[in-house]
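Work through the exercises below with the sequence and the model open. Each task is followed by a solution in steps.

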Amino acid sequence: MKLTLRIWRQASPDEPGRMVAYEVPDANPDMSFLELLDVLNERLTLEGDDPVSFDHDCREGICGACGVVINGQAHGPRERTTTCQLHIREFNDGDVIDVEPWRSVAFGVIKDLMVDRSGLDRIIQAGGYISAPTGSAPEAHSTPVPKPIADTAFDNATCIGCGACVAACPNGSSMLFTSAKVAHLNSLPQGAPERAERVLNLVEAMDAEGFGGCTNTGECTVACPKGIPMDSIATLNREYLRASLGRK
Amino acid sequence: MTFYKIGDDIADTTAPDVPIEQRWDKRRFDAKLVNPANRRRHSVIVVGTGLAGGAAGATLAEQGYRVIQFCYQDSPRRAHSIAAQGGINAAKNYRNDGDSVYRLFYDTVKGGDFRARESNVYRLAQTSTQIIDQCVAQGVPFAREYGGLLDTRSFGGVQVARTFYARGQTGQQLLIGAYQALSRQIDAGNVEMHARTEMLDLIVIDGRARGIVARDLITGQVSTYLADAVVLATGGYGNVFYLSTNAKNSNASAIWRAHRRGAYFANPCYTQIHPTCIPRSGDYQGKLTLMSESLRNDGRIWVPKNPGDTRSPDQIPEAERDYYLERIYPGFGNLVPRDIASRAAKNQCDLGRGVGPGGLGVYLDFADAIRRMGEDKVREKYGNLFEMYDRITGEDPYKVPMRIYPAVHYTMGGLWVDYDLQSTIPGCFVVGEANFSDHGANRLGASALMQGLADGYFVLPPMLGNYIASTKLEKVDASHPAVVDTVNEATGRLTRLLSIDGERTVDSFHRELGEIMWEECGMARSEDGLRKALGRLPELREEFWRSVKVPGTGDQLNQSLERANRVSDFLELGELMCVDALHREESCGGHFRVESQTPDGEARRDDDRFAYAGAWEFGGTGTGDQPILHKEPLNFDYVHLAQRNYA
Ligand SMILES: Cc1cc2nc3c(=O)[nH]c(=O)nc-3n(C[C@H](O)[C@H](O)[C@H](O)COP(=O)(O)OP(=O)(O)OC[C@H]3O[C@@H](n4cnc5c(N)ncnc54)[C@H](O)[C@@H]3O)c2cc1C
Ligand code: SF4
Ligand code: FES
């Protein structure tokens, strides 16, 4: 297959970037999208050009490192699929594909397709945990957790922290990411003691990091490779209201 | 020609000489304690934020030490542990199916083909139960039964259901638990976290590990970090093979640099080739994807009976299929240990019965399971794995059998450590996959997560405290000559890599290295093949340093430079792996020497000559330099040496 990639090239955070077109005449339908970039980079290296920088590690859709905007869609056209798991068979011979970094006020571009997502870590640091110092835990079966609750917690805990929700949101909001953590921990009996503080602290951190407000556009859930639902945002709002009333 | 020298034997002198059930209690009781009020004055460097490093950093910080922590990813949450799928073992015996600490110990020693140290394995089994408690308290959403209690399943090589899991994403859930505990300590100011920062070298002063040299991957700035002790939790080195199931950037640099500074490297040739991975599809392939071993609980492995049968699987009638694992190993069937399942798949493909492109694949079929449990139940158990398979291959495993083939997955070898998890460099501790300790020559499924968390949460912290409490350390600063020298060496290497400006890319060298290792030091190893590899590898290394092309500069983000630095270390490590494989003239676990097999093709150990861990001392890389072998004799006082039998 022959593909044309138009890729955002930006040498550093302070320099302006621009789209640059590259032809890849030898794309194979069974390649992953990142393997396509690998092949391009091998060529650029030999030609004396600067290879394209992009984040990646597991290449199995689980570490959350990868992520680019492909033809305007975060992680590309296939639903519930990270960039590393997207395969070239989704495209057609002769396609021109735009490849850009996550764009959001809270995610600065570092180089080319790489952005700074450390704001998401700081949201978790603000309270996205259950305080259980090592060694202090009771026997695991001392608190049974009904299966439906365990399943809800699990579904939300599958968030990989990729930031696609932020990139897809017209407001640059990290509401889906934050709500997944609230819904994961606040639904479990183990998370109950810190329930109110947790939601208040996470929301405060989210605002402090410069993420935008949520206006329920739902773009985040479309982009989310793990299918975190809008319900989680409703859960966060409910928890927030409950905690704010309790605080007064 | 021999490729190595023999040095003195080595021994673990830290496990107390009391009955095995009492050793860990006794060791903790004998250990010196650091007064809680003084812990703030002591700093510890932890390199790595996977299960082992994340758990260690969080726990040490909770105890009051000042922790300085590193990972190369942009966030500690992305460590390679995140990718573990199947589960984590623990001897909880919730099923009342005859499990116990002793049985987990026994299974692990046997599964490791009698090449692990009994004391360490026993402690691992003892600690396992606490891990589950700890993780549940953190909010790890393990799979549960309708009654609200934890569910478990079986993994290869065992006959009890002791594997706890969170759908097919157990590693992710456990790591998020450790990451959240670590995040709490970062927020409290007890952990200074350096993400996107790669360790380039270990700083050793007066024989003790006192710090590291690391490069900020964004700015290229090379800096030194000094502390009272250094913990390496940098994972395994399977990427020597280029294609493996490890994350793309997993590397051996931290442990290899420590090895060059004096840490012995034990059993480097013990690699685990996992039987159920998606076969490769082309030359562009950058990595391989694992399909969790848990699939072998319900999937049946088969090949067509007739070599070269190209009919589609649904056209091949039952009578013309060979469910070879069930046939050869009726006792364990599809759940034989990994090394055995992988070799059996290779044997079938060597007989021409392989399926898919190049005949390098076997079927893993769920038709029976779907008939028996219904598609919904199968979806609930394995849904995410089936989806992943579909995304990668474009085939729907609910309809056609999966095609699988073995791939490099895990490295049992690693830096030698004693019972305290300390390497041969005092003050340098090694945890998780980076050490060699608990799995002998073959790791059982779901035991790496257990080991990483046991090391990080429960074993390392008291032993590190003991080291700090019993060692008088001089104050050092960055002007110390040893620090200056180490920095100069590290930056010198980077400058050299950038200045070669040759004609071959880093990846092309890495691929060639991987092909040599897979051919000669992979699933079957022979004296001839290993000698051939040992002839070629020094040449390849020399070519690399003469003709690699690394674009860009060192004072900017430069992913080619990162890779070049890692590959330069893999080239040296690959050689040591081949030397180790050549010297070990027996087959054991994942190490299969074609010269040492039983009449029916199973691995034949040679306990008289090889019942030891082989710990290698670095001998240089110049012509004529040779690594030095130190043997740690292994005693089996509890689990008696026997040929493994899974029939
Ligand atoms: C696909 C897959 C599935 C698996 N499934 C299972 C399973 O179901 N059950 C099981 O028990 N085991 C499983 N394993 C094995 C298990 O996941 C690993 O052995 C284990 O997670 C390793 O953990 P670790 O903490 O030792 O290292 P890792 O998780 O590999 O972490 C290494 C850390 O070190 C850092 N690092 C590395 N080098 C440097 C450097 N030079 N400078 C700075 N930082 C560095 C990295 O950033 C990272 O934070 C699986 C492995 C794979 C590949
Ligand atoms: S909520 Fe979804 S899109 Fe957002 S970070 Fe998590 S996995 Fe990524
Ligand atoms: S590289 Fe890990 S999710 Fe894509």
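A salt bridge is a side-chain nitrogen of Lys or Arg within 4 Å of a carboxyl oxygen of Asp or Glu. The model is predicted, so to speak of local features requires pLDDT of at least 70 and side-chain atom pairs count only at pLDDT 80 or more, while totals for chains, interfaces and linings use all residues. Residues are numbered from 1 along each chain as its sequence is written, chains are lettered from A in the order in which they are written, and side-chain values use heavy atoms, with hydrogens and water left out.

**Exercise 1. Salt bridges within chain B**

Task: Find the salt bridge partner of Asp606(B), and state whether the two residues are buried or exposed, or in between.

Solution. 
- Step 1. The partner is Arg609(B), with the closest N and O atoms 3.6 Å apart.
- Step 2. Accessibility is sorted by relative accessible area (1.4 Å probe, protein chains only): buried is under 20%, exposed is over 50%, and partly exposed is in between.
- Step 3. Asp606(B), at 22%, is partly exposed, and Arg609(B), at 45%, is partly exposed too.

Task: Describe where the salt bridges Arg371(B)–Asp368(B) and Arg541(B)–Glu575(B) sit in the chain.

Solution. 
- Step 1. Helices (H or I, at least four residues) and strands (E, at least two) are DSSP runs, numbered from the N terminus.
- Step 2. Arg371(B) and Asp368(B) meet at 2.5 Å, N to O. They are 3 residues apart in helix α9 (residues 367-373) of chain B, so about one helical turn separates them.
- Step 3. Arg371(B) is exposed at 64%, whereas Asp368(B) is partly exposed at 26%.
- Step 4. Arg541(B) and Glu575(B) meet at 3.0 Å, N to O. Because Arg541(B) lies in helix α14 (residues 527-547) and Glu575(B) in helix α15 (residues 559-583) of chain B, the pair ties together parts that are 34 residues apart in sequence.
- Step 5. Arg541(B) and Glu575(B) are both buried.

Task: Which residues are linked with Asp113(B) in a network of salt bridges?

Solution. 
- Step 1. The network joins Asp113(B) to Arg115(B), Arg584(B), Glu586(B), Arg605(B) and Asp607(B).
- Step 2. Over all chains, the structure holds 77 salt bridges.

**Exercise 2. The interface of chain A and chain B**

Task: How many residues does each chain give to the contact, and what area is buried?

Solution. 
- Step 1. Contact means heavy atoms within 4.5 Å. Chain A gives 74 residues and chain B gives 74 residues.
- Step 2. Buried area is the accessible area (1.4 Å probe) that two parts lose on being put together, summed over both. For chain A and chain B it is about 6,300 Å², with 52% on carbon and sulfur atoms.
- Step 3. The rule finds 6 salt bridges across this interface. One pair is Arg167(B) with Asp155(A), whose closest N and O atoms are 3.4 Å apart.
- Step 4. On the side of chain A that touches chain B, α3(A) gives the largest share, 7 residues.

**Exercise 3. Residues with a positive phi**

Task: Where do Asn71(A) and Phe114(B) lie, and is each buried or exposed, or in between?

Solution. 
- Step 1. Asn71(A), not a glycine, has a positive phi of about 45°. Its place is the loop between β3 (69-70) and β4 (73-74) of chain A, and at 41% Asn71(A) is partly exposed.
- Step 2. Phe114(B) has a positive phi near 55°. Phe114(B) lies in the loop between α3 (101-111) and α4 (118-138) of chain B and is buried at 3%.
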